[in-house]
Protein chains: 4
Amino acid sequence: MAARARKRKGARKLGAWLIGARGSVATCAAYGLAGLREGLIEPTGLVTAREPFAGLDLVAWDEIALGGHEVCARRLTQSAGELVRQRVLPADLVTGAAPHAAAYEERVRSGLLDAADVGVGDLDPEAARRGSLPPREALEALSADLAEFQRELELDDVVVVNLASTEAQRAVNGDGADLRSLETALDAGRSQPASVLYAYAALSSGMPFVNFTPSPGASWPALRELAREKSVPHCGNDGKTGETLVKTALAPMFLARHLRVLAWQGYNLLGNRDGEVLADPLHKESKLKSKGDVLRSLLADPDLKAHVGIDYVPSLADWKTAWDFVHFEGFLGARMSLQFTWQGSDSALAAPLVIDLLRLTELAHRRGEVGEMPHTASFFKAPLAGGTHDFHAQYRALLDYAASSAGS
Amino acid sequence: MAARARKRKGARKLGAWLIGARGSVATCAAYGLAGLREGLIEPTGLVTAREPFAGLDLVAWDEIALGGHEVCARRLTQSAGELVRQRVLPADLVTGAAPHAAAYEERVRSGLLDAADVGVGDLDPEAARRGSLPPREALEALSADLAEFQRELELDDVVVVNLASTEAQRAVNGDGADLRSLETALDAGRSQPASVLYAYAALSSGMPFVNFTPSPGASWPALRELAREKSVPHCGNDGKTGETLVKTALAPMFLARHLRVLAWQGYNLLGNRDGEVLADPLHKESKLKSKGDVLRSLLADPDLKAHVGIDYVPSLADWKTAWDFVHFEGFLGARMSLQFTWQGSDSALAAPLVIDLLRLTELAHRRGEVGEMPHTASFFKAPLAGGTHDFHAQYRALLDYAASSAGS
Amino acid sequence: MAARARKRKGARKLGAWLIGARGSVATCAAYGLAGLREGLIEPTGLVTAREPFAGLDLVAWDEIALGGHEVCARRLTQSAGELVRQRVLPADLVTGAAPHAAAYEERVRSGLLDAADVGVGDLDPEAARRGSLPPREALEALSADLAEFQRELELDDVVVVNLASTEAQRAVNGDGADLRSLETALDAGRSQPASVLYAYAALSSGMPFVNFTPSPGASWPALRELAREKSVPHCGNDGKTGETLVKTALAPMFLARHLRVLAWQGYNLLGNRDGEVLADPLHKESKLKSKGDVLRSLLADPDLKAHVGIDYVPSLADWKTAWDFVHFEGFLGARMSLQFTWQGSDSALAAPLVIDLLRLTELAHRRGEVGEMPHTASFFKAPLAGGTHDFHAQYRALLDYAASSAGS
Amino acid sequence: MAARARKRKGARKLGAWLIGARGSVATCAAYGLAGLREGLIEPTGLVTAREPFAGLDLVAWDEIALGGHEVCARRLTQSAGELVRQRVLPADLVTGAAPHAAAYEERVRSGLLDAADVGVGDLDPEAARRGSLPPREALEALSADLAEFQRELELDDVVVVNLASTEAQRAVNGDGADLRSLETALDAGRSQPASVLYAYAALSSGMPFVNFTPSPGASWPALRELAREKSVPHCGNDGKTGETLVKTALAPMFLARHLRVLAWQGYNLLGNRDGEVLADPLHKESKLKSKGDVLRSLLADPDLKAHVGIDYVPSLADWKTAWDFVHFEGFLGARMSLQFTWQGSDSALAAPLVIDLLRLTELAHRRGEVGEMPHTASFFKAPLAGGTHDFHAQYRALLDYAASSAGS
């Protein structure tokens, strides 16, 4: 399959711009991509490496160049070292991919610290400075970085992917209601979430945007309008990597069998920076919102007792552990239960999806598709489009897309 | 929904002939049906009580009359009492449904003890006698019971459902290869599995047959030929009620995400008569066969390390408990796991599916459908037709069938 | 064993006064005691029905008469009916024990609503009135009920057991620091927690007090002083019935093997009135406090990451479900885990311990023991005395007590 | 603590002779010991590194020299490499301990292949040859190796530890009934289990023997007699490292609370060589025997439904996973359950216990103790002495031993 994916239909050069460039997910994506390119690892976990997607005209591993924004000062090799100690990244891959990693590191620029960020870790002072700029000036800086990346590497296209830590939930205001309101707010210098500014910078530069986080990104109506205006595809929000994936694969079974779910209690134990940030109540709120609505919608029961908890357990590091307890009623009023425990590396689960989305988004842009990319719903906890949380229905939509796009 | 299902499109009378008539599943089906008829319980767990199936022209609860074959001597009220003590049947339903239960009891006849049966419990001597008859004589007795049932109750149709305990695995011989071979074997007086004789009696009487057990029933080519010859629909094998249901809902997720399953270990703890019978190695073999192939087929990996264990734990009674451990590999070679524990009442899970299958089979017969009913694959561990073990794909086929049959 | 326990060493009559008289635990204790008396049930779950305790001179089942205080208006038969529907109380026990239940019901009096009580359910107006009385008047009413109970039934002793719902956590003040301060506060009419008033009423009447809840009860220094002054034994707090029991049985193993616990996350799903009350944050705080300290103390690690969560899941009713995840490090830095799921009936677990404590407390009083009864530490989450949370060490202390008390 | 353990009370030199010298447990013990010596790792998991044992006059890390017997040809560095890949041994420890490992490797000799061994892996031909020798000749070879080890390194004492793979269960004969019978059998050239010959070689050389496996070792009466005759201490059988440890820590809780265990089903998933060997039914039988009796004895219920299963799941490698389901009955006949999942590195759990036993056995020999060392019962699934399987009682016996031995 890997071989097939590499087959050229004409040389292309895609730039992948990762926001949160030295975070765990970006680090795994970068080393993983290098490993795929050098044949050091299998494409396990990559949806687009399987048929029928391997038959699409997607960019090959070696057609992707990496760059990105980051707000912390630590080096990529430090992140990689931590992931080796956490037994996520294999030590020999880190060695084998060192030249690619160095090239990536050179193309990482200071990001934009969100005004409400808890500022964990060794902050890059330039990112803090950029975060305090009036939004129009911040946008200018971001756009300049993107333009420089494209120009210097002579890239055919650039896809911007948000992998930054979850932002604090903000009070809703009218700034995002439509593009005109947002422009006015920007002109007036009103502070906006960093993810929104990243999305604005990308879309206004004509570059597709992928929001892999629960932060707003391009989900506000104003940004969606901008994407349509610029004829750019974009997708999000919040990568569906673990417990929610299992949930949305299982819940349709209860519905199909007419079993009445009485309660669905989910508990997530996170140990990485994501968990640390989410230990802050405001940040947790953003995350829980995108996780909580899923079941009520899937089970068509707005009053469902559906709890989602997130706790920070530092010793787990990248190894997320989740326990779900489903209490349900069957025939004759019999009360039964299903419980599951999911134990997985958060970054190793997320990274291949990031690569999948890069490839699918580039293809969509090349094919002239515009807007929310409903065929990518299976990748997200809170898809911008697609109309269902049912994983199997979402995946079927992706298969249908592949069938209709093959050979084109 | 129940109200909708009861709406008459013309009075009909369906006979449901349950083999294993006083077993736990049949007892729950009988009391449950009476409870639905009297409005004492909700139709939770009944697939056909949900839309879009509630819109099909299916028989109503009060259009179904029950009868059946049984090899044990205990009374239906004894079975019901046990299920009350096991906290499966509600005590007030047993009281409220007593008249219906008594009517059913009157129409239960001595069944046919399989030659290899382990003979648990208080055997009905007449069933033992029938079991030792030459097959042609046994068939005559069975057919006479079916004919009497239809005649006396003036039934429009009779559907025969096999709910008997799993039979011992037999050495394969050529008797079932085609109808002619089977006829010859019967003429020669060669012993056949009881489930095969039941299926033969039903089909040769022009009555549809549902095999809810892993015993051969109508799955041999010879029987399938007989069904086509008699223009009768039939379906099976082995109701998908618990652990296998969850398995077939979850496994497609691993495939869709290109996660490599390294091992899938399943352990089933059973406490009812099913568990007792399956404690016998030969009987267990039949069951494991139909459970074991599912994952290798679903995950498209013929070498998958997929273990299924069954242990008899009498104290659990009807409350089956299963633990599955899935070991899988993701991106970067990271090894992860998913485990689940399923705790449910075996009979309360099976009984509504029996009622669903009665209704769907009657409809198929009335609509002139012949053969293996591929649209019922989602109900079975080893479907006779349908082409996949993927629960969601199977269920979609049922939805498609409903769409194409609505209004007809 | 039951027979042994009934052997008379001289007729005695113990009054057991249950606060929360028609709650689930009290209801199970009352019906259970009647069932033991009538030989309808086995003494499973009763510690004192096993050797070597069966050899102590404890009161027999038929030597115990019941009465109590209650703040809700519902009848005992209503509570019992609910517990039958929840499949905790067997229906035939409720029938068989009806006369004993009726006698108990007659001796239930209006209790004292705690000033901060959330007031769930159908409140008894007299209990609300009593709750608003100046504390000295409330104490008078409580004491009069206790005296009447002893006088009318000619009881040799009365043991008061607090089984009421957990009270809201109050800000600490100096009222409980010593007896003189408490007397002053009572004289001044300052409101006190209901559990403290119940304890005061009991102890000042010379009656032993058992606090089966996390509410303060007799745990304040002032009350302990009163008990010593009146030469009365008492014990508490908070019955150790489920998750904490397992925790304190398992944690010593990690310590003994020098395995380093990195995190111990416990999640409790409660569906009964206890869960409903604990859904209120202030009430939950009381409970979590007594649960949370246990592990840090047991594992001798004051910085241990030990989380205890409680969530209200109404559909579970009395069937508490808890999941604990223990992350630990072994030799070579290897990170491992143990997880357990506990599923049990809260009331069926608590009720026999209540009976055990009644018997042990009466014996202690008869033997002239005074104060906190350290030998009962194994029964409590936050024992008033005993010096360790290690269940096995606590139980050994109980065995030692039995050995030293036998024959006396 | 490590510092304390190293404190000299007089220089000593202990030889530790490991049978199965390059297996996973021995490899972890060897690298771990070197790591402790060099201060590269913490003594986590070592019972004797905690108080009060750290106060005993035990040999220090750097007073232990290693040698051993092995039947496979692979090198120690190969075993270590595998354990690094399996994420059990840290890569930097392997580098840091390389000189110690090389010294150990030089002192590994060809072992004795058990006649019934399944012969997995790359067999050392000399071990096969030795295995086919008449027993007296084999014993001579083994004893010569032990003597050479002691002589060349000028060791004060040598403790022999059996860490070899579980042997196949053999039919019981009278050879082991007493020492005279065994001597006769050896003279007659009758084949004996390899573990028995190893034990005979050690004991007859006056060297203590530790049997960490379920193989017979020194458990036959004949060998116990030999140990007494030679005034040597010895202990065994079968290290209690995981599921059985948890079982024996939990089961006493059920007994103490008079909760009736209805069934205890345990399932072990093993992926290492141990699992591979145990996939062979005859070998599994030995293991299950020592695991199965534990619960019936602990719960004082000879008829207990207690199942122990072992399945080989190669992908788990050293990471053993076990699921236990405990079904139990409480007051009022309420049926409840506890289930636990244990996930740990088999070798990282076993290796520190091996080091503990080396130290305790050397101390016992130095102190003139003879025979089965009942104070070591907590380390074994089937202790040769100690009288109980209750982990807490066993551990208390070890504490008592420490108290009585301190300062001596």
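Analyst: Happy to. Copies are superposed by least squares on the C-alpha atoms of residues with pLDDT of at least 70 in both. This is a predicted model, where local features need pLDDT of at least 70 and side-chain atom pairs count only at pLDDT 80 or more, while totals for chains, interfaces and linings use all residues. Residues are numbered from 1 along each chain as its sequence is written, and chains are lettered from A in the order in which they are written.

User: What rotation superposes chain D on chain B?

Analyst: A rotation of 180 degrees, with 0.0 Å of shift along its axis and an RMSD of 0.0 Å. That is the relation of a two-fold axis.

User: And how many residues does each chain bring to the contact?

Analyst: Chain D gives 22 residues and chain B gives 22 residues, with contact meaning heavy atoms within 4.5 Å. The copies meet through the same surface, because 100% of the interface residues of chain D are also interface residues in chain B.

User: What about the area buried between them?

Analyst: About 1900 Å², with 60% of that from carbon and sulfur atoms. Buried area is the accessible area (1.4 Å probe) that two parts lose on being put together, summed over both. In chain D, Tyr267(D), Ser315(D) and Trp323(D) lose the most area to chain B, together 27% of what that side buries.

User: Switching topic, how many salt bridges are there between chain D and chain B?

Analyst: The count is 0, taking a salt bridge as a side-chain nitrogen of Lys or Arg within 4 Å of a carboxyl oxygen of Asp or Glu.

How values were computed
Heavy atoms only, no water.
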